[in-house]
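Here are my notes on the model you sent over.

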Amino acid sequence: MGRMRISIINDGTLGTDDLEALSGQVDAEIAVYDNQDGIKKVTAGYDLVMVSISDAEKAFKKGELDRGRLIAYGHPDDLERALMLGAIDFLPQPVDIDNLLYALKKAVILASSRNIVSRDKSTEQASKGHVVTVYSPSGGIGKTMLAVNLAITFARQFGQKVVLVDLNLQFPGVDLMLNLSPARTIIDLLSRIDNLDNEFLESFLMRHSSGIRVLPASQRPEDSERVSDRDIRSIIDALKKNGYLVVIDSSSNLNDNMLAALDCSNNILLVTSLELLALRNTRTCLEIMASLGYDKSKIELVLNRATNKDLGVRVEDAENLLGECFIAQMPSGGECVVKAANHGQPFVLTQPENEISKSVAKIARVVLHDEDAQIIDEQKRGALFSRIRRLFGA
Ligand SMILES: Nc1ncnc2c1ncn2[C@@H]1O[C@H](COP(=O)(O)OP(=O)(O)O)[C@@H](O)[C@H]1O
Ligand SMILES: [Mg+2]
């Protein structure tokens, strides 16, 4: 587990002691800011944040803080307000340095036991790779279509070193969509699982003409039983250490193997459609991910088969139901998409100007925090809060 990072935001009432010097006495990196810096800027990449109750309330309204990562300080009467915000601790003012130190030590122990320092953050420090999983609790929704085309877009348009991993271990599809005949699959990696060095991986992974590498799954459904969640973590970790941007295509089962992949992911692209059943499953999925402690910022919603036609559920209804906006809407691509799949020739290669290819490029930009990613973030936040206000009639 990596060293925990704590941001203390001093609104001026914590005194002038050298708070950063506390790093020597607590097992954490401590950064101290004044509240002029703006919480958004100072809390990027934090594990815990100590902040006054009024600044915390403002930050929650703007979506800049996560529940369960807050240590609040304020007037003794503010205890209830702090608990309402999901603070893990509350320090009544005046806060002296001994109380502060005690609170920080307690928070570090509590947070470690609850795994607030997420596994992916700690492995991220040790390696340079990045992991994007395309997931949906529904089958036939477009996961494989997106994973394949996104992987190629990362490589061709953004110059990334990409490996596409087929983690639909029972019913794989990546090989067909890329017209590959897998000579080696994940199963052949298992005997070397503790020794996946760079040289071996380079020779093992399949190469696709688009430039991406591929790790296919076995065609035999029963082989899926042979792969454990520990294997999945080891494989992903080895690929990351090798500097790959790892794109994972998944099955719709939320089993231990899938959870291992989701744990290791920096981004989860949750694909859904304008069908009520898909939306309900997506909402359940979001709730599960929240209960697992996943940062909201790592989950992005993608709408597939978006259309202006009246299907009984509008895009806005879907976003209201999910409490989150879509980062991209992929249109129904009709013939272009089906032909691409049947010929094993991804549409981002054959029809880069098609709207659906452009929507894949947009998803790639958001994941890589390129160009308009920040604008989308702002739009997401703005739209979401206006919807929440509407929902609660505020
Ligand atoms: N936006 C779209 N327009 C047209 N066809 C699509 C679209 N998205 C997916 N499809 C088709 O739907 C089928 C299921 O997609 P697939 O990616 O295999 O779903 P999943 O991996 O979620 O089971 C495939 O034949 C695919 O080509
Ligand atoms: Mg699939």
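Which element gives the largest share of the shell around ligand 1? That is point 2, after a word on the ground rules.

1. Ground rules. This is a predicted model, so to speak of a local feature pLDDT has to be at least 70, side-chain atom pairs count only at pLDDT 80 or more, and totals for chains, interfaces and linings use all residues. Residues are numbered from 1 along each chain as its sequence is written, while chains are lettered from A and ligands numbered from 1 in the order in which they are written. Helices (H or I, at least four residues) and strands (E, at least two) are DSSP runs, numbered from the N terminus.

2. The ligand. The answer is α14, with four residues, the largest share of the shell around ligand 1. In total 19 residues surround ligand 1, and the closest are G142, K143, T144, M145 and V337. A residue counts as near the ligand if its C-beta atom, placed from the backbone, lies within 6 Å of it. Two or more shell residues come from each of α6, β12 and α14 (334-343). By class the shell has seven nonpolar, 10 polar and two charged residues. For these classes, Ala, Val, Leu, Ile, Met, Phe, Trp, Tyr, Cys and Pro are nonpolar, Asp, Glu, Lys and Arg are charged, and the others, Gly among them, are polar.

3. The eight-stranded sheet. This open sheet runs in the order β8-β9-β7-β10-β6-β11-β12-β13, with mixed pairing. Two strands pair if DSSP finds at least two bridges between them. At the edges sit β8 (206-207) and β13 (326-331), each pairing on one side only. Inside the sheet, β11 (residues 267-272) and β12 (residues 299-306) run parallel and are joined by five bridges. One pair to look at is T272, whose bridge partner in β12 is L303.

4. α11 packs on it, touching β6 (130-135), β7 (162-167), β10 (245-250) and β11, and its direction makes about 135 degrees with that of β6. Helix α13 (residues 315-322) packs there as well, touching β12 and β13, with its direction at about 155 degrees to that of β12. Axes are lines fitted to C-alpha atoms, for helices over the stretch in contact, and angles run from 0 to 180 degrees between N-to-C directions. Contact asks for C-beta atoms, placed from the backbone, within 7 Å.

5. α6 against α16. How do these two helices lie relative to each other? The axes of α6 (residues 143-158) and α16 (residues 355-367) come within 9 Å and cross at roughly 70 degrees. They are therefore roughly perpendicular. The cut-offs are under 35 degrees for roughly parallel, over 145 for roughly antiparallel, 65 to 115 for roughly perpendicular, and oblique for the rest. L146, N149, L150, T153, F154, Q157 and F158 of α6 meet V360, A361, I363 and A364 of α16. That contact has eight nonpolar, three polar and no charged residues.

6. α10 against α11. Here α10 (residues 229-241) and α11 (residues 256-264) pack at about 30 degrees, with axes 8 Å apart, which makes α10 roughly parallel to α11. From α10 come D229, I232, R233 and I236, facing D256, N257, L259, A260, A261 and C264 in α11. This contact has six nonpolar, one polar and three charged residues.

7. α12 against α13. The axes of α12 (residues 276-291) and α13 come within 9 Å and cross at roughly 30 degrees, so α12 is roughly parallel to α13. L279, T282, R283 and L286 of α12 touch A318, L321 and L322 of α13. The contact divides into five nonpolar, one polar and one charged residue.

8. The five-stranded sheet. This open sheet has the order β2-β1-β3-β4-β5, with parallel pairing. Its edge strands are β2 (28-34) and β5, and the twist averages 15 degrees from one strand to the next. Four bridges join β3 (residues 48-52) to β4 (residues 70-74), and V49 has L70 as its bridge partner in β4.

9. Backbone spots to check. A cis peptide bond joins Q93 and P94, with omega about 0 degrees. P94 sits in the loop between β5 (89-92) and α4 (97-113). N179 has a positive phi, near 55 degrees, in a residue other than glycine, and lies in the loop between α7 (174-177) and α8 (186-189).

Notes. Contact = placed C-beta atoms within 7 Å.
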